[in-house]
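This briefing is meant for a reader who is meeting the structure for the first time. Please look over the sequence and the model shown here before turning to the points that follow.

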Amino acid sequence: MTETSQDLLVDVSEEVVDIPQASELLYGLYDKPPVFEAIFVAFQHVLAAFVGIITPPLIIASSLGLDAENTSYIISMSLFASGLCTFIQCKKIGPVGSGLLSLQGTSFAFLGPIIGVGTYALQGGRTPQEALALIFGVCFFGSAIEIILSRFLHLMSKIITPVVSGTVVMIIGLGLIKTGIVSLAGGVAAQKNGTFGSPQNLMLGGLVLLIVVILTTSRNRYLRMGAIAIGLIVGYIISAFLGILDFSALSKLPIITPPIPFRYGLSFDFTAFLPFILLYVLTAIETVGDLTATSAVSGEPVSGSLYMRRIKGGVLGDGVNSAIAAILNTFPNTTFSQNNGVIQMTGVGSRYVGFYVAGIFALLGLLPVVGGIFQAIPQPVLGGATTVMFGSIAVAGLNIVSSVKLDRRAMIIVAVSLAMGLGVVYSPEIFNDKPAIIKNLFGSSISMGGLTAILLSWLLPNHSAAEELEEAEPKTQS
């Protein structure tokens, strides 16, 4: 899946989950592969992460009704920011960064709340550019939460258990499926021009979805890894034959896009900020899992003082990088878990490969034609691929929850949290007449479901195994 995965199982305060260690590494963390080999491996990391990086800005830009120029710019900055942030994470600058071969990319977890904040701003009479200023403002100030939490990681597992984190991951995936289906049927533009759900849109989106499913179940690991990218390429080519690709904006794009910090400005609204508090906490937990898995597949320790320093540095890097991303006019960054599979496949865990990955992403980000080409992807093609991705996020959350014993208490937490979180997705109008602070805090599926899970985990009595067994045994008659 994307950045969200079963890696959330890690308990950083005591023992770490048993993750198989890498046994046949060709290049370890501090080894320097030859330039050609390093570039070859770097491109595999780029291919594994590329779609995950550009998809959130594509969806957000479409939802906010941004024009081609601004959409292309934000996609370019997402790639550039990923390059810069990956370098920081791999290099480890002072206390910032893990020093592992860990890639940074745009986080899917923030997708729903960001669209919610943008919609809230547009409905309040703001322009799309002003909506972006508000989004980048809450993302920038929210990153301080993760920066602070990086210093207290040893306490986090006592607050957010696998049942809680897994439930929230499920809600993230299930809540995003609606976004994927809307794109598959044609997107917001199709809803306005009357072509929403047209046979052409459904057939094109369905074909891409089918291709992704077939390739994902293939025995060929290269086809599995490239399933989403291949599905998008095939859909893109078919769209060209159907004459629905629009490249008119490409001629208006500059040759190079220089990063312009705070191009859209920064603004802040506390009521819009509330859902992001929980998200940054969950992102910190997720990063712990991703970095633990990276340590394991790189043949590095997954316990002890060195491990904990790397984890704290990585989460600190996650927070700093999210602030940098907001400054560069793009969305929060986080570690990507799918690249751990590339390390296993290639046998290369050298952090120096990350420098080449960073350079490739930064170069792609400086070339606006890259963003322009991907901005032209028709919504049904994008929806066909992302629907599978969002479903995979939900399944990953299910895996996290099912990894622990589901007693009555755990089942109540999962059931009520899912009901409350998805309930506001199905019936968002229940908060229409409520104050803005209530609407923003409880109107998001992630904040509503996440808060419910945390409160139930804190308030419900946690009976020990011995007490459960005692209750199950029939009382003997005297």
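Thr287 is found in helix H11, which covers residues 270–297, where helices (DSSP runs of H or I, at least four residues) and strands (runs of E, at least two) are numbered from the N terminus. This is a predicted model, in which local features need pLDDT of at least 70 and side-chain atom pairs count only at pLDDT 80 or more, while totals for chains, interfaces and linings use all residues. Residues are numbered from 1 along each chain as its sequence is written, and side-chain values use heavy atoms, with hydrogens and water left out.

**The chain as a whole**

- The chain has 20 helices and 2 strands, and 55% of its 478 residues count as buried, where buried means under 20% relative accessible area, exposed means over 50% and partly exposed lies in between (1.4 Å probe, protein chains only).
- Among the contacts in the chain with a separation of 6 or more, 84% are between residues 24 or more positions apart, a contact being heavy atoms within 4.5 Å.

- Thr287 has 0% relative accessibility and so counts as buried; leaving aside neighbours within four places in sequence, Thr287 is in contact with Glu146, Gly314, Val315, Asp318, Thr334 and Thr335.
- His45 belongs to helix H1, residues 35–64, and counts as buried because its relative accessibility is 0%.
- When residues up to four places away in sequence are not counted, His45 touches Leu101, Leu103, Asn339, Val342, Ile343, Val353 and Val357.

**Helix H16 and its partners**

- Helix H10 (residues 227–242) and helix H16 (residues 379–402) have axes that come within 9 Å and cross at roughly 160°, the axes being lines fitted to C-alpha atoms over the stretch in contact, with angles from 0 to 180 degrees between N-to-C directions.
- H10 and H16 are therefore roughly antiparallel to each other, since angles over 145 degrees count as such, those under 35 as roughly parallel, 65 to 115 as roughly perpendicular and the rest as oblique.
- Their contact is made by Ile228, Leu232, Gly235, Tyr236 and Ser239 of H10 together with Val381, Leu382, Ala385 and Met389 of H16.
- The axes of helix H8 (residues 199–216) and H16 come within 7 Å and cross at roughly 40°, which makes H8 oblique to H16.
- On the H8 side this contact involves Asn201, Leu204, Gly205, Val208, Leu209, Val212 and Val213, and on the H16 side Pro380, Val381, Gly384, Ala385, Thr387 and Val388.

**Positive phi angles in loops**

- Phe262, which lies in the loop between H10 and H11, has a positive phi of about 55° although it is not a glycine, and with a relative accessible area of 38% Phe262 is partly exposed.
- Asn329 sits in the loop between helix H12 (305–327) and strand E2 (333–335); Asn329 has a positive phi of about 70° although it is not a glycine, and at 1% relative accessibility Asn329 counts as buried.

**Helix H19**

- The 15 residues of helix H19 (residues 445–459) should span 21 Å at 1.5 Å a residue, and the end C-alpha atoms are 21 Å apart, which agrees; the expected span is 1.5 Å times one less than the number of residues.
- The buried residues of H19 include Ser445, Ile446, Met448, Gly449, Ala453 and Leu456.
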